[in-house]
Amino acid sequence: MACGLQPLLHAALPSRSSFLLAPGTLPLVPRGPTVSRHLSPPQPRALPDTAAAAAGLRDVLADAFLAYPPTWTSAAATNLAIFVAGSPLLLSGLSASGIAAAYILGTLTWRAFGSRGYLLVAAYFVVGTAVTKLKIKQKEALGVAEKRGGRRGPGSVIGSSAAGCVCALLSIYNVGGGAFAELWRLGFVASFCTKLGDTASSEIGKAYGRTTYLVTTFKIVPRGTEGAVSVEGTLAGIVAAMFLAGVGYSMGQVNVPQVVLCVLASQIANFGESLIGATLQDKEGFEWMNNDVVNVLNISAGGILAVLMQWLLWRS
């Protein structure tokens, strides 16, 4: 049997000589499947759908704008959109920190009184900025211009809106119930009428006042003197207060009798502000009473006077 298997094994196994390699040659290794060295190009990234994103943002802002009654979220979102759109105008009238303070005021106003109250404040800002910029070079030469080229800072914003912010908070939290809601709205409008009247009378007086008198003695004093008044400035202050009260009426914030109350209260408060400026402001012992503090007292007086007069009329 061994003899019979030997030829078969000899045929199946390679000969010994086939395992011998020629000098200087390498053994051949069976090659595996060929792998292509050419990589497929990367798939382009899908670009974000900007149209869909813009449409979504537009819908969110529209919902915030139309939300009634306004919420804190809708007020903040709407106010932010308006500030972004109106940034060139804001930068012309406010410093960076002043814009931050104004954003808080705007959000609070929208939350309390909606778009109508907001438009009232916007009208105040536009007119106030315009009269502040009048003859700014002349005012700077006289040393009576607002600092930063007429751009107001946070102190001025807070001083101009403190009373209005208080009225807005009283309205938001329904202090006194529905019977007082109208009073808080009236106080809000009257406080801004007072401040715009004060700003217009001061800035127009510094720009165009021919003769300025100290309110306590009627002695002629230079333009820009604290407590000084002029005919031109006084008339401008009355017109400005009437204008803003008219805006409040057109926005449904006050009625016709309340327009009269706003103008009357603003002029009484502004006269009191001139008295404080002439007798106390920047005087010894009252160094803390700067212009921003006097502004707070002034607009608070205007708002309180209007509310008290309305309350007395109701009771009578």
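Which residues in H5 meet which residues in H9? Let's find out by selecting parts of the model one at a time.

**Before you click**

This is a predicted model, where local features need pLDDT of at least 70, side-chain atom pairs count only at pLDDT 80 or more, and totals for chains, interfaces and linings use all residues. Residues are numbered from 1 along each chain as its sequence is written, and side-chain values use heavy atoms, with hydrogens and water left out.

Helices (H or I, at least four residues) and strands (E, at least two) are DSSP runs numbered from the N terminus.

**Stop 1: H5 and H9**

Select helix H5, residues 96-133, and helix H9, residues 231-250. On the H5 side, pick Leu120, Ala123, Tyr124 and Val127; they meet Phe243, Leu244, Val247 and Gly248 in H9. Contact here means heavy atoms within 4.5 Å.

The two axes lie 9 Å apart, at an angle of about 155°. Axes are lines fitted to C-alpha atoms, for helices over the stretch in contact, and angles run from 0 to 180 degrees between N-to-C directions. H5 and H9 are therefore roughly antiparallel (angles under 35 degrees count as roughly parallel, over 145 as roughly antiparallel, 65 to 115 as roughly perpendicular and the rest as oblique).

This contact has seven nonpolar residues, one polar and no charged. Ala, Val, Leu, Ile, Met, Phe, Trp, Tyr, Cys and Pro count as nonpolar, Asp, Glu, Lys and Arg as charged, and the others, Gly among them, as polar.

**Stop 2: H5 and H8**

Residues to show include Phe113 and Tyr124 of H5, and Phe188 and Phe192 of H8. The contact holds 14 nonpolar, five polar and three charged residues.

**Stop 3: H8 and H11**

Among the contact residues are Gly187 and Ala190 of H8, with Gly302 and Gly303 of H11. By class, you will find 10 nonpolar, eight polar and three charged residues in this contact.

**Stop 4: the lining of the largest pocket**

Which residues lie nearest the centre of the largest pocket? Select Ser202, Lys206, Glu226, Glu273 and Asn291, out of a lining of 43 residues. A pocket is an open set of points on a 1 Å grid over the protein atoms alone, where a 1.4 Å probe fits, with protein on both sides within 12 Å along at least five of seven lines; lining residues have an atom within 4 Å of a point.

H8 returns here, giving the largest share of the lining, nine residues. The lining divides into eight nonpolar, 23 polar and 12 charged residues.
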